[in-house]
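Here is a friendly note to read alongside the model. Take the points in any order, with the structure open beside you.

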Amino acid sequence: MIRQLTSSERQNAAVIAIAVAIVGLAMAAVGRTDVLGVHGVMVMLFAGAVLFYVLSGLYQPEPTEDRETSYYDDPIKVGIVLSMAWAVFGMFMGVWVAAQLAWPNLAFDAGWSSFGRLRPTHTTGVIFGFGGNALIATSFHVVQRTSRARLAGQLSPWFVLLGYNLFCLLAVSGYLIGVTQSKEYAEAEWYADIWLVIVWVTYFILYLRTIARRKEPHIYVANWYFMAFILVVAILHIVNNLALPISWGHAKSYTVWPGVQDAMVQWWYGHNAVAFFLTAGFLGMLYYYLPVRAQRPIFSYRLSILSFWGITFFYMWAGSHHLHYTALPHWVQTLGMTFSVMLLVPSWASAGNALLTLNGAWHRVRDDATLRFMMAAAVFYGISTFEGSFLAIRPVNSLSHYTDWTVGHVHAGALGWVALITFGSLYTLVPSLWKRERMYSAALVEVHFWLAIAGTLIYVFAMWNSGIIQGLMWRTYTEEGALAYSFVDSLVAMYPYYIARAFGGLLFLIGAVVGCYNIWMTVRSAPLAAPLNADVPIAPAVAGE
Amino acid sequence: MDLDHNSVVAFSKSWGLFYLIALAVGVVVYTFWPSNRKRFNQAKNSILGEDDKPWK
Ligand code: HEM
């Protein structure tokens, strides 16, 4: 990989690594025994490892060929590997916390392994580790292919990818040690947040510069989704994480937002994290990999534009549905509820557009598990957005809020939509990136598909049942007007569902492990002797359309 | 102008409404503008090409 860099780029890489190591040293020096100090040492080790790698390759031969005649695929390959590694870690943590809810002894009486600390390692591991790396990798791939131009930087893609993973490591290790900002999906503390801003702005600039050097005049719609994802996540991250550390030598900080405004900012962030992290970027994947895999253009390009703007306009206003029946002004709750219901329209437009693209190719969906992954993802996207719009209606929310129903909804979205579209995209991407004819084993893709579907369905049905029972038990009154059930009664009623949920999650995890093996074996298998359809110009063939 | 709660609400209820509607109209016009049809058709087929190299 270092062989793709010129020697001056290698020197720059070394300088960046040294600079990061110095920052780590400073953190260690001022933080001392505080977690900040521990994290400073981690930053030094991370930067040191990168430096070691760069220096050991410093005198390798320089690239001789013109790099602009090929796409920059190395960072994408590493991103895919990292994404799958995080998937296994994050899903394992998920199965563990799920099992703890059924069998609390699995916390083993230690602080670091208590539910409260493990849970954010699960959410960060799957959302940011698995999802984030997959988004970075696929966005690098899609932007190059649709722009017909190489990434606008040799070092910056590595900076983005490795820097992002450093952020994830700081976050996850911090939770285990016990630091948290107590903001959901934004638990990492201030220094990690500042680092992420630097990485993310680099990402956005890299993306824009690549688009700017495109050879294809029109910017394909998948890029719009990816750009919305990068830009909006930057804005959300900065506003939500405005905080003051209690001192520069301490990991702990307090948010600048007071009271109910803090709650509103947090859920403006939280819901738009769903919208732009867990939806927009993955729709970018959908709009590229699904047509490519099906070898059919998207059903309606116009509809994809309308739903893009619909989603970006509406999602921004929906966050307050997380705060029904709170101190938030009533009209703000109503605003969020209204926009959430309207959101169904662009959401179903996207899901329908994907399914109609497959209309006429159902035999391929039947035969090809990779395409079926993406088809199922579109279906679950439709289901979870319908459910979301429904849950956002205030009286419905009074039943569902605080119950497992929310968790069921989350996982219809996260497993059924986000993870399935990712696996479908990766199974499309891996063979083409490593120049293999196909995945190592089509049968294992099939196995993975059924494990994932079975796991998702078991999980989601368990949580729907559990959540509705829970909600009903909490609002059942006796004839005397007292609550009929104690909290512990409802907990006992959850027990079988918690076991079922852990089992469903386990199936999903096993599927991901099978996927890792399959990807690994594909990478190790012999490449194609002659690349498929190498450099046949297709521009004229398209222009006539 | 005093930036109290009421004036912010008044601003968002008037200008907020107008700029969102204007944006929405703009998007619809762009999407259905007849001369864009060709470009969109080209775009949706462009990703199905099989060459895997940047263009000159
Ligand atoms: C039209 C689209 C959607 C709407 C209107 C919507 C609405 C909602 C509502 C009302 C809640 C429950 C809030 C509460 O009672 O606390 C919720 C929770 C959640 N939804 Fe959605 N949802 C949508 C799509 C999605 C998708 C596609 C995902 C993808 C993973 C997702 C992930 C989540 C998550 C992670 C939570 C849990 C938040 C928490 O930690 O409390 N949602 N959503």
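Helices (H or I, at least four residues) and strands (E, at least two) are DSSP runs, numbered from the N terminus. The model is a predicted one: local features need pLDDT of at least 70, side-chain atom pairs count only at pLDDT 80 or more, and totals for chains, interfaces and linings use all residues. Residues are numbered from 1 along each chain as its sequence is written, chains are lettered from A and ligands numbered from 1 in the order in which they are written, and side-chain values use heavy atoms, with hydrogens and water left out.

1. Please start with A:His237, which sits in helix 7 (residues 221–240) of chain A. Its relative accessible area is 9%, so A:His237 is buried; buried means under 20%, exposed over 50%, and partly exposed in between (1.4 Å probe, protein chains only). Beyond its neighbours within four places in sequence, A:His237 is in contact with A:Asp193, A:Leu196, A:Val197 and A:Tyr269, where contact means heavy atoms within 4.5 Å.

2. Among the buried residues of helix 2 are A:Val35, A:Gly40, A:Ala47 and A:Val54. The buried residues of this helix pack against helix 1 (7–31), helix 5 (156–177) and helix 6 (190–212) of chain A. At the start of helix 2, a side-chain oxygen of A:Asp34 comes to within 3.0 Å of the backbone nitrogen of A:Leu36.

3. Another salt bridge pairs A:Glu184 with A:Arg119, the closest N and O atoms being 2.8 Å apart. Because A:Glu184 lies in the loop between helix 5 and helix 6 of chain A and A:Arg119 in helix 4 of chain A, the pair ties together parts that are 65 residues apart in sequence. A:Glu184 is partly exposed at 23% relative accessible area, and A:Arg119 is partly exposed at 30%.

4. Do look at A:Arg438 and A:Glu437 too, which form a salt bridge with the closest N and O atoms 3.4 Å apart. A:Arg438 is exposed, with a relative accessible area of 53%, and A:Glu437 is exposed, with 52%.

5. Is A:Trp434 buried or exposed? At 13% relative accessibility, A:Trp434 counts as buried. A:Trp434 is placed in the loop between helix 15 (404–433) and helix 16 (442–474) of chain A. Leaving aside neighbours within four places in sequence, A:Trp434 is in contact with A:Lys77, A:Ile80 and A:Val523.

Key. A polar contact is a pair of N or O atoms within 3.5 Å; within protein, one must be able to donate a hydrogen and the other to accept it, and residues adjacent in sequence count only if both atoms are side-chain atoms. A salt bridge is a side-chain nitrogen of Lys or Arg within 4 Å of a carboxyl oxygen of Asp or Glu.
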